Amino acid sequence: MSVLIIAEHNNTALNGGVLNTIKAATLLKDDAIDVLIMGKDCAAVAQTAAKVPGVRKVLHADAPLYEHALPEDMASLIVGLAKNYQYILAPASTSGKNTMPRVAALLDVAQVSEITAVISGDTFVRPIYAGNAFATVQSKDPIKVITVRATVFDAVPADGGNATVESVAAGADTGLTKFVSQELAKSDRPDLTAAKVVIAGGRGLSSAEQFKAILEPLATKLNAAIGATRAVVDAGFVSNDLQIGQTGKVIAPELYIGIGISGAIQHVAGIADSKVIVAINKDEEAPIFQIADYGLVADLFTAVPELTAELG
Amino acid sequence: MKVLVAVKRVIDYNVKVRVKTDKSAVETANVKMSQNPFDEVAIEAAMRLQEAGIVKEIVIVSMGVKDCQEQIRYGLAIGGDRGILVETNSELQPLSVAKLLKALVEKEKPQLVIVGKQAIDDDANQTGQMLAALLGWGQGTFVSKLEMDGAAAKITREIDGGLESLSVKLPAVLTVDLRLNQPRNVKLPNIMKAKKKPLETLTPEQLGVDITPRLVTLKIEEPAKRKAGIKVPDVKTLVAKLKNEAKVI
């Protein structure tokens with residue numbers, strides 16, 4: 001009876017969501033948690049994972065094949081290891097969402113997507129309808145393939161453990177897909193899903209220039225990540241990886257400040273777990289005021305610079 | 001080539017859903033139903049490939065109750081050539097849908113299956129990936145750009161940190177992101193024409209697929225309600241509240 005965690009990384013560092021996923025795994029009250037690291041030249045990542053307290057064993061599959069985390073190749077390796085495990089977990093990131101259903105189908109089991117709570121060894125809670133309802137589901141499958149909403153589980157400590165690292169032979173190249181290129185957004189700001197403070201902008205910002213001019217000074221002052229609504233991303237003000245909501249990222253910061261955001265169902269799905277929600281909007285009927293702890297009905301073009309100045 | 005597009009009937013995205021008092025499900029009686037928004041993007045993608053002369057036939061498929069015909073007809077009005085409904089009153093979960101789709105793929109032999117990246121009701125984001133796995137095909141998920149390149153699909157995917165480009169060998173399964181395209185409006189004459197397009201009805205039994213759900217839903221609940229807080233009169237008060245009351249800055 002043990003848990004296999006599919007760890008996400010960029011071949012040099014472990015993705016933060018993995019520590020939250022390990023936390024979820026400890027709630028399964030299972031005795032053994034193993035972490036699988038698939039990648040290219042990623043021995044350092046395997047060593048990092050081995051230091052996480054509570055990890056029994058790190059399985060390390062190192063091959064050029066795994067450099068870009070293609071789901072076809074990863075899934076076939078995972079399925080080969082699956083018979084030793086009762087649970088296979090991954091963060092519900094784009095990578096986890098991409099690979100895990102493939103694993104589940106190959107094992108002929110259902111996948112439980114994006115769990116937000118563990119009730120018992122076979123029963124979990126997960127959001128449906130953009131977080132407007134929560135389903136408690138019981139899995140009847142012998143192997144439970146699960147993705148975890150990382151923001152609702154605390155991260156386990158990254159240090160203090162001493163797991164063994166075991167090499168795993170790479171699987172065959174399926175040759176079904178080829179990596180071509182990657183275009184990663186570069187930012188000095190904290191990662192959106194991990195930031196303590198998030199400033200999000202909506203359609204009210206009216207242009208890419210205004211979005212930058214109004215939000216960036218405030219974000220700098222608060223050491224905040226910047227996020228956006230779909231409208232803003234579609235209008236091309238910012239890149240899509242900053243989208244918060246049902247189809248973008250789900251965040252749970254200490255403080256969320258929504259600026260010029262009406263609060264559509266699909267956006268609220270991504271912010272509802274924030275500790276404190278602040279809304280600045282000139283429309284006092286905007287739905288976001290129904291969930292905001294502090295609302296300021298004001299023109300953002302004067303209120304936000306004033307707020308930035310006030311924070312000194 | 002032939003393309004299969006799968007569409008799902010879901011509660012309209014603008015509806016604020018209500019959970020039934022017995023916590024068994026979400027209320028669907030007298031609630032507006034629509035095509036899953038991601039699936040409209042999938043049909044539009046297929047249409048554009050047809051208009052580019054790459055795709056010859058678009059088959060729109062859906063699974064579930066008889067009323068799913070409406071969503072197939074809608075897809076045919078956008079431009080699909082014919083429809084297939086796999087009719088059942090039983091609950092369908094992504095693994096079952098993927099198995100039904102696999103059976104249809106074996107029957108229809110398309111080169112490409114295009115589906116939405118997720119349905120806005122179950123938010124599972126599984127079916128396309130599961131179908132690709134069952135068929136042993138490559139997958140291109142969360143696609144925001146699509147070009148055909150001979151025997152491969154050149155796709156750009158939305159990933160957490162930005163974008164990724166892949167070449168996926170055909171036949172393949174693609175799941176589309178909202179950013180791929182802007183679906184066209186359906187014109188009235190096309191709705192009339194769609195009524196005359198062929199729509200075949202099959203059952204899971206005819207396709208030889210066991211659709212027994214693997215997950216049992218024990219209950220459905222409303223999320224903890226977030227109470228509306230207070231409105232502050234000015235920026236100074238806001239900062240004071242955040243510092244002294246909420247203690248978050």
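Predicted model: local features only at pLDDT ≥ 70, side-chain atom pairs only at ≥ 80, totals over all residues.
**A sheet built from two chains**

These two strands are part of an open sheet of six strands, in the order β13(A)-β12(A)-β14(A)-β15(A)-β16(A)-β13(B), with parallel pairing. The edges are formed by β13 (225-228) of chain A and by β13 of chain B, each of which pairs on one side only. From one strand to the next, the twist averages 20°. Two helices pack on this sheet, helix α5 (residues 208-222) of chain A and α6(B), and their contacts and directions are set out below.

| Helix | Strands touched | Angle between directions |
|---|---|---|
| α5(A) | β12, β13 and β14 of chain A | about 175° with β12(A) |
| α6(B) | β14, β15 and β16 of chain A, β13 of chain B | about 170° with β16(A) |

**A second pairing across the chains**

Strand β8 (residues 133-139) of chain A is joined to β12(B) by six bridges, and these two strands run antiparallel. Within β12(B), B:Thr217 is the residue that stands opposite A:Val137.

**The interface**

Contact between the chains involves 75 residues of chain B and 85 residues of chain A. Together the two chains bury about 6,800 Å², of which 55% lies on carbon and sulfur atoms. On the side of chain B, the residues that lose the most area to chain A are B:Asp160, B:Arg214 and B:Arg226, which together account for 11% of what that side buries.

One of these residues, B:Arg214, also forms a salt bridge with A:Asp141, in which the closest N and O atoms are 3.1 Å apart. Six salt bridges are counted between chain B and chain A, and 46 residue pairs, both members at pLDDT 80 or more, are in polar contact between the chains.

The elements of chain B that each supply at least two residues to the side touching chain A include the helices α3 (94-108), α4 (127-135) and α6 (235-245), as well as the strands β7 (138-149), β8 (152-159), β9 (162-169), β12 (215-221) and β13 (230-232). Of that side, β9(B) provides the largest share, with eight residues. By residue class, the side of chain B that touches chain A divides into 37 nonpolar, 15 polar and 23 charged residues.

Terms used. Residues numbered from 1 in each chain as written. Chains lettered and ligands numbered in written order. Heavy atoms only, no water. Contact = heavy atoms within 4.5 Å. Buried area = accessible area lost by both parts, 1.4 Å probe. Salt bridge = Lys/Arg side-chain N within 4 Å of Asp/Glu carboxyl O. Polar contact = N/O pair within 3.5 Å; in protein donor to acceptor, adjacent residues only side chain to side chain. Helix = DSSP H or I, 4+ residues; strand = E, 2+ residues; numbered from the N terminus. Nonpolar A, V, L, I, M, F, W, Y, C, P; charged D, E, K, R; others polar. Pairing = 2+ DSSP bridges. Axes fitted to C-alpha atoms, helices over the stretch in contact; angles between N-to-C directions.
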